[in-house]
Amino acid sequence: MLRKAQISDVKNIQKLVMAYATKGDMLSRSLSELYESLRDFYVYEEEGKLLGTTALHIVWEDLAEVRSTAVAEEATRRGIGGKLVQACIDEGRKLGLKRLFCLTYRPDFFSSLGFRLVDKSELPHKVWGDCVKCPKFPDCDENAMILDL
């Protein structure tokens, strides 16, 4: 079941995110950050177990980031990630956003959902606020991608 995240999901969201963050595949998120941005998050749950999460984080009047997309290892390749990101796309359209972006090591996945690769310099400087927290900053090796809505 795909749904908006609830307070009771935060610790499980962090576990999913940290599983990828410890491998260097995404930024870690503190519990404090997750509680503060809870309304950004969607989760996918089956039989009471959280199997996936993602967030739509609004950056500016016409731009939002799809971030913290994570699916439990045992549930990958089942379409869960695609359903989660599609929920963000649908919400972005409802909100009247013009573009969504992501920074990712999985460009093929996001391409399959309509995102296209762009040079990082095409993204406004405002989007780099989280990047200074990353151990790879300023030598980011993620792919920047944009979806025009």
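Residues are numbered from 1 along each chain as its sequence is written, and side-chain values use heavy atoms, with hydrogens and water left out. Because the model is predicted, local features need pLDDT of at least 70 and side-chain atom pairs count only at pLDDT 80 or more, while totals for chains, interfaces and linings use all residues. Across the whole structure, a search finds nine salt bridges, a salt bridge being a side-chain nitrogen of Lys or Arg within 4 Å of a carboxyl oxygen of Asp or Glu.

**Salt bridges**

- E45 and R3 are joined through their side chains by a salt bridge with an N to O distance of 3.3 Å; this pair links distant parts of the chain, with E45 in strand β2 (residues 41-46) and R3 in strand β1 (residues 2-4), 42 residues apart.
- Helices (H or I, at least four residues) and strands (E, at least two) are DSSP runs, numbered from the N terminus.
- Both E45 and R3 are buried, where buried means under 20% relative accessible area, exposed means over 50%, and partly exposed lies in between (1.4 Å probe, protein chains only).
- Another salt bridge brings together the side chains of D25 and R106 at 3.9 Å, N to O; D25 lies in the loop between α1 (10-21) and α2 (31-36) and R106 in the loop between β5 (99-104) and α4 (107-111), so the pair ties together parts that are 81 residues apart in sequence.
- D25 counts as partly exposed, at 26% relative accessibility, and R106 also counts as partly exposed, at 46% relative accessibility.
- The side chains of R29 and E33 form a salt bridge at 3.7 Å, N to O; R29 is buried, with a relative accessible area of 8%, whereas E33 is partly exposed, with 23%.
- Salt bridges with shared partners also connect R3, D9 and E45 into one network.

**Helix α1**

- The 12 residues of α1 should span 16 Å at 1.5 Å a residue, and the C-alpha atoms at its ends are 16 Å apart, which agrees; the expected span is 1.5 Å times one less than the number of residues in the helix.
- The buried residues of α1 are V10, I13, L16, V17, Y20 and A21; seen down the axis of α1, these buried residues fall within an arc of 140 degrees, so they line one face of the helix, the arc being that of the directions from the helix axis to the C-beta atoms.
- On the face of α1 turned away from its buried side are the exposed residues K11 and K15.
- The buried residues of α1 pack against α2, β2, β3 (49-60) and β4 (63-71), with contact taken as heavy atoms within 4.5 Å.

- T104, found in strand β5, is buried, with a relative accessible area of 6%.
- The side chain of T104 reaches the backbone nitrogen of R106 at 2.8 Å.
- Not counting residues up to four places away in sequence, T104 touches F110, E142, N143 and M145.
- C102 is also found in strand β5 and counts as buried, at 0% relative accessibility.
- With residues up to four places away in sequence again left out, C102 touches V66, F110, F115, N143, A144 and M145.
- C102 and N143 are 41 residues apart in sequence, and their C-alpha atoms are 8.0 Å apart in space.

Technical notes:
Polar contact = N/O pair within 3.5 Å; in protein donor to acceptor, adjacent residues only side chain to side chain.
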